[in-house]
Amino acid sequence: MSSSSVSSSPSPSPSEAIKVIAPTPPTPTSSSTSVSRVLGTVGVISLLGTFVAYKAKNTSLFKAGYFVSWVTAGPAVLMIVQETYAPKSRQELEAKIKLAAEARDKRR
């Protein structure tokens, strides 16, 4: 009595096939995300405090809030934009530089 076993590899499900074709981009590190969120939160709170101080005509509180908002909200925005649009790998960065150089050469 011979048993014939067919060893066929299971076909991937459609969702697995999509993951292979279009992998999700890497997520930013949790530490940089948490820093940008903390800075963004402090920046928004200081901006609101600046607005309240302006309406109350409290100049010293306005100046302090204005300073804190520049120190926190500005870097938070830059960090969030950098995490979103920065190249993820050296190859991607080199490709962007090459495209920019080609565009510059075409303008000349």
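Visitor: What should I keep in mind about the model before we start?

Guide: It is predicted, so local features need pLDDT of at least 70 and side-chain atom pairs count only at pLDDT 80 or more, while totals for chains, interfaces and linings use all residues. Residues are numbered from 1 along each chain as its sequence is written, and side-chain values use heavy atoms, with hydrogens and water left out.

Visitor: What is the secondary structure of the protein?

Guide: There are 4 helices and 0 strands, in the pattern α-α-α-α along the sequence. Helices (H or I, at least four residues) and strands (E, at least two) are DSSP runs, numbered from the N terminus.

Visitor: Which residues of α3 are buried?

Guide: They are Gly65, Ser69, Thr72, Ala73, Ala76 and Glu83. Buried means under 20% relative accessible area, exposed over 50%, and partly exposed in between (1.4 Å probe, protein chains only). Across the protein, buried residues make up 12% of the 108 residues.

Visitor: Why is the pair of Tyr54 and Phe62 called tilted?

Guide: Rings of Phe, Tyr and Trp (its six-membered ring) pair if their centres lie within 6.5 Å; planes under 30 degrees apart count as stacked, over 60 as edge-to-face and the rest as tilted. A search of the whole structure finds 3 aromatic pairs. Tyr54 and Phe62 have ring centres 6.0 Å apart and planes at 50 degrees, so this pair is tilted.

Visitor: And what makes the pair of Phe62 and Tyr66 stacked?

Guide: Here the centres are 5.9 Å apart and the planes sit at 25 degrees, so the pair counts as stacked. Both residues lie in helix α3 (residues 59–85), 4 residues apart, about one turn of the helix. Ring pairs link Tyr54, Phe62, Tyr66 and Trp70 into a cluster.

Visitor: What makes the nonpolar patch on the surface a patch?

Guide: Patches are made of residues with over 30% relative accessible area and no salt bridge: like charges are joined within 9 Å, nonpolar side chains (Val, Leu, Ile, Met, Phe, Trp, Tyr) within 5 Å. This patch is formed by Val38, Val42, Tyr66, Phe67, Val68, Trp70 and Val71, with about 690 Å² of accessible area together. Accessible areas come from the Shrake-Rupley method with a 1.4 Å probe; for residues, only the protein chains shown count as cover. The elements giving two or more residues to the patch are α2 (30–55) and α3. The largest share, 5 residues, comes from α3. One of the members, Val68, is in helix α3, and its 32% relative accessibility makes it partly exposed.

Visitor: Why is the contact of Arg104 and Asp105 called a salt bridge?

Guide: A salt bridge is a side-chain nitrogen of Lys or Arg within 4 Å of a carboxyl oxygen of Asp or Glu. Arg104 and Asp105 meet at 3.9 Å, N to O, and form a salt bridge. A search of the whole structure finds 1 salt bridge. Arg104 is partly exposed at 40% relative accessibility, and Asp105 is partly exposed at 44%.

Visitor: How far apart in space are Thr41 and Ala73?

Guide: They are 8.0 Å apart, C-alpha to C-alpha, though 32 residues apart in sequence. Thr41 lies in helix α2 and is partly exposed at 46%.
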